[in-house]
Every structure is written in C-alpha cells, then in structure tokens.
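Please read the following report alongside the sequence and the structure. It goes from the whole chain to single residues.

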2 protein chains.
Amino acid sequence: MNQEISRYDQKLERILRTAARIFAEKSFHSTSMRDISRATGLSLAGLYHYCKSKEELLFLIQDHCFGRVLERLEQRLCETSDPIRKLRIFIDNHLSFFAANMAEMKVLSHEADSLSGGLHEQVSTRKRQYTRLARKILSEVRQTAPRGSESRAPHRNGERGRKARRVDLTIATYALFGMMNWIYNWYDPRGKLSVRQLVDNITRLFLAGFLSQDQALVLADSGTVEKVNIWRTA
Amino acid sequence: MNQEISRYDQKLERILRTAARIFAEKSFHSTSMRDISRATGLSLAGLYHYCKSKEELLFLIQDHCFGRVLERLEQRLCETSDPIRKLRIFIDNHLSFFAANMAEMKVLSHEADSLSGGLHEQVSTRKRQYTRLARKILSEVRQTAPRGSESRAPHRNGERGRKARRVDLTIATYALFGMMNWIYNWYDPRGKLSVRQLVDNITRLFLAGFLSQDQALVLADSGTVEKVNIWRTA
C-alpha cells in the first residue's frame with residue numbers, strides 16, 4: 001500500500017515539475033492541459049487522474065515549494081539560537097532552494113495572482129507565515145546585535161549630531177526578499193558564481209546594511225521626491 | 001502640424017497606459033487586442049491605426065518606460081560629481097518612477113521575454129545600458145569612499161586577521177535592482193510609507209552594506225551549501 005502511494009506521489013511530482021517548467025516558459029495563462037499532457041507523455045485522461053484542473057496544478061506547485069522551503073528551514077533553525085546565524089541559515093536555505101529550482105521560483109513570483117479563492121488563500125497564508133518568520137529573525141538580529149557592531153564612519157554633511165536612524169523593519173524584510181528573489185532574472189546556476197558565493201555576498205551586504213546606524217550614509221535632505229508619471233497624458 | 005503630432009502622441013500614450021494596466025492585471029498572453037480596444041473605447045480598426053500588433057504595444061510600453069527613466073536620470077546626474085550622491089539620485093529616480101507606475105513596472109518585470117527578435121533586442125540593449133550605468137556608479141562609490149567609511153565593528157569568530165572582503169560588484173548591482181524592483185509585490189503607494197521613506201531606507205540599507213568590509217559579518221564557514229531540489233524525483 002505504502003509503495004502504491006509512493007508511486008502515485010512520484011508520478012504527481014514529475015507532472016508538477018514538468019508543469020512548473022512550462023508555466024515558467026510560457027506563463028500559466030498561455031499553457032493548456034494539452035501542453036502538459038504532451039510534455040509529460042500522459043493522456044489527457046491520465047493527467048486528470050492526478051489533478052482536477054490547471055489551477056490545481058499551479059496550486060500544488062506553489063504549495064509544495066513553500067512547504068519544502070519552510071519545512072527544511074524549521075529543521076535547520078533548530079541548530080542555533082544565535083539570531084545572526086539564524087539569518088544566515090534563512091538566506092542560505094532560501095537561495096539554495098531557489099537556485100536549484102529557478103522555474104518554480106519564477107512561477108511563484110509571476111503567478112501569485114493566477115490562483116483565486118481558497119487556493120489563493122492557502123498559498124497566501126504560507127507566504128505570510130514565511131514573511132513573518134523572516135521579520136522575526138531580523139527583529140531578533142537587531143535586538144541582540146551589540147551596539148559596537150554599528151558602523152562608526154566619519155560623518156558627512158555635518159550630520160554628526162543627529163539621532164541614529166535604523167532602517168525600517170518592513171522595508172528591510174522586503175528588501176531582503178527582493179535581493180534574493182530577483183536572482184531568477186540574472187543568476188545562472190551553471191555560471192561561474194556558486195550558490196555559496198551568492199549566499200555569502202547577500203548575507204554580508206544585507207547584514208552590514210541592516211545593522212548600520214551610520215549617519216554618514218544618511219544623505220543631506222535631497223528635496224521632495226518628484227512625481228514622475230511616465231505618461232505625459234496621465 | 002506640430003499639434004497634430006502631439007494629439008496623435010497623446011492618444012498613443014493613453015492607449016499604452018491602458019494596455020499596461022491590462023497586461024499587468026491579466027498578463028500579456030491572456031490579453032487580446034479586443035480587450036484593449038474595449039478598455040480604450042476605440043474600435044479595433046482605430047486601435048490598429050496606432051500600432052500594428054499587441055507585441056508592438058508591449059514593445060512601446062517597455063521602450064517608453066526605459067526611455068523616460070534613463071532620460072530623466074541622465075539629466076539629474078549632471079547635478080553632481082559625487083558618487084554617493086549619484087547613487088542616491090539613481091535610487092531616487094528609479095523608485096520614484098516605479099512607485100508612480102506600478103503597472104508598467106510589473107509589465108517590465110514579467111513580460112521581458114514576451115517580446116522576440118528585434119523588439120526584444122532593442123529593449124534588452126536599453127536594459128543593459130541601464131544596468132551598466134548602475135554598475136559604473138557603484139564602482140565609483142567604492143573607489144572614492146574613504147577607507148574610514150568602512151565599518152569597524154568588533155570581530156566575531158576570531159576572523160580578525162583575515163583580509164577584508166568586498167561584496168562582489170555584480171551581485172551588489174543585481175541585489176540593488178532586486179530591492180528596488182520587488183516593491184511592486186508589496187508596496188502600496190497610497191499606504192503609510194512615502195516614496196521618500198522608501199528611498200531613504202533603501203539607500204541607507206544598500207550603501208552601508210555595500211561599503212562595509214566588516215569581518216564581523218563574514219560568518220564562520222557554514223559548510224557546503226545543500227543541493228536542494230524541491231522534487232524528490234528530480
């Protein structure tokens with residue numbers, strides 16, 4: 001019986017992997033169940049044995065992705081109670097998964113709104129859970145970082161006297177996700193930059209920026225931000 | 001004659017703006033010329049007077065976006081020769097444009113590969129030009145930053161003696177784009193965070209991280225990065 005379940009699951013995973021690749025290539029909306037049946041070598045009827053609809057396939061891909069990333073992360077976070085190590089594990093886990101699954105990553109980014117109703121809600125719940133966890137780690141990093149880890153550069157623009165300002169926690173959280181998730185636009189896992197170098201550099205770049213309260217880097221008032229609609233007729 | 005050209009351009013801009021909104025909502029592939037004709041109130045024949053195809057519309061949106069962002073950036077960069085101010089202007093210009101044009105931004109991100117042939121090449125050329133400019137500014141920032149602006153935090157993990165490592169320039173460039181471009185996934189221009197706060201925080205976060213050579217933040221060897229295909233059957 002167990003072996004039966006496992007064979008079913010294996011087949012389903014193979015279908016999901018293929019579907020993710022096709023969705024990433026030509027978008028969810030332009031992909032038909034016929035495309036997926038052709039690519040998997042299954043008949044349409046055979047395919048519908050594993051999923052009720054194209055939307056269910058998309059849901060299963062997204063749910064599976066987040067499920068695996070979260071599950072592994074929670075296991076790995078047990079290794080340490082040091083917030084900076086936790087952050088390093090978080091970045092390592094996220095980038096390692098995503099560099100090894102670029103098609104799935106693109107589908108997660110691009111097709112977040114292609115689900116609706118309960119399926120959309122389930123994926124959104126996982127996503128919120130994951131974002132909350134990232135935010136919690138960042139908040140711990142900030143609380144336990146020794147004051148001495150703040151940068152002490154010479155001050156520019158005569159701002160020496162101003163109170164140190166910390167980077168907003170919401171912006172920092174999404175900036176971190178942005179740095180990591182954007183890799184599907186430029187990173188080639190078979191290129192000369194290893195995932196390890198990616199993890200090292202992004203951890204360093206983010207962490208040093210996040211912990212700094214360096215007034216040298218708060219530039220003098222740059223005036224009002226422009227209102228810049230790209231269309232003149234807006 | 002001039003007024004005629006201008007009226008034509010105004011109408012075209014209105015079409016492009018509407019098309020960008022629809023592409024952002026339901027993707028380029030699921031949008032038909034009929035959808036755009038309906039939303040603009042033009043007949044199909046009227047619409048084809050302004051563009052030959054849906055692909056041309058997508059091209060014009062992307063080309064116009066990059067054109068305006070680059071043009072304004074080049075004007076503003078003339079104001080200063082200080083690399084750190086240039087970087088601030090770059091981030092300000094990018095975020096101001098994109099926060100004011102979230103639909104266009106999503107289309108630029110999601111539909112980069114929906115163009116083909118010469119149209120794809122033209123947009124890619126502009127994108128490379130923009131990326132090169134960002135990289136050049138970052139490289140200037142690094143060269144002219146006083147050594148004193150590097151952070152001097154206490155060292156962790158006994159790494160005091162190791163040579164300071166800088167963040168890789170390619171990773172830093174794309175990390176910056178990631179931080180900025182990701183905003184279309186979470187930022188609400190009508191919410192409580194102003195574009196100004198976004199610009200301030202992202203500039204600070206990025207710049208402090210980029211200029212830091214703080215060994216405190218280079219964590220001890222974290223072992224080999226895992227190979228983590230999310231599918232067990234891969």
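In chain A, among contacts between residues at least 6 apart in sequence, what percentage join residues at least 24 apart? The value is 77%, where contact means heavy atoms within 4.5 Å.

This is a predicted model, in which local features need pLDDT of at least 70 and side-chain atom pairs count only at pLDDT 80 or more, while totals for chains, interfaces and linings use all residues. Residues are numbered from 1 along each chain as its sequence is written, chains are lettered from A and ligands numbered from 1 in the order in which they are written, and side-chain values use heavy atoms, with hydrogens and water left out.

**Chain A as a whole**

Chain A has nine helices and zero strands; helices (H or I, at least four residues) and strands (E, at least two) are DSSP runs, numbered from the N terminus. Of its 234 residues, 56% count as buried, that is, under 20% relative accessible area with a 1.4 Å probe and protein chains only. The chain exposes about 10,700 Å², and carbon and sulfur atoms supply 48% of that area. Accessible areas come from the Shrake-Rupley method with a 1.4 Å probe; for residues, only the protein chains shown count as cover.

**Core and contacts**

The largest nonpolar core has 150 residues. Such a core is a set of buried Ala, Val, Leu, Ile, Met, Phe, Trp, Tyr and Cys residues joined through side-chain atoms within 4.5 Å. A:Phe90 and B:Phe90 have the most contacts inside this core.

A:Ile15 lies in helix H1 of chain A and is buried, because its relative accessibility is 2%. Beyond its neighbours within four places in sequence, A:Ile15 is in contact with A:Ile36, A:Thr40, A:Leu42, A:Leu47, A:Tyr50 and A:Leu57.

**Positive phi values**

Most residues other than glycine have a negative phi.

| Residue | Phi | Relative accessible area |
|---|---|---|
| A:Ser27 | near 75° | 14%, buried |
| B:Ser27 | near 75° | 14%, buried |

A:Ser27 is in the loop between H1 and helix H2 (33–40) of chain A. B:Ser27 lies in the loop between helix H1 (2–26) and H2 of chain B. Just after H2(B), B:Gly41 also takes a positive phi, of about 75°.

In helix H2 (residues 33–40) of chain B, the buried residues are B:Met33, B:Asp35, B:Ile36 and B:Ser37. Helix H6 (residues 102–110) of chain B is largely enclosed by the rest of the structure, because eight of its nine residues are buried. Among them are B:Glu104, B:Lys106 and B:His110.

**The second largest pocket**

On a 1 Å grid over the protein atoms alone, a pocket is an open set of points where a 1.4 Å probe fits, with protein on both sides within 12 Å along at least five of seven lines; lining residues have an atom within 4 Å of a point. The second largest pocket holds about 250 Å³ of space. Its lining has 14 residues, and A:Arg17, A:Arg21, A:Ala100, A:Ala103 and A:Glu104 lie nearest its centre. H1(A) gives the largest share of this lining, four residues.

Terms used
Buried means under 20% relative accessible area, exposed over 50%, partly exposed in between (1.4 Å probe, protein chains only). Grid points are joined across faces, edges and corners, and a volume is the space filled by probe spheres set on the points.
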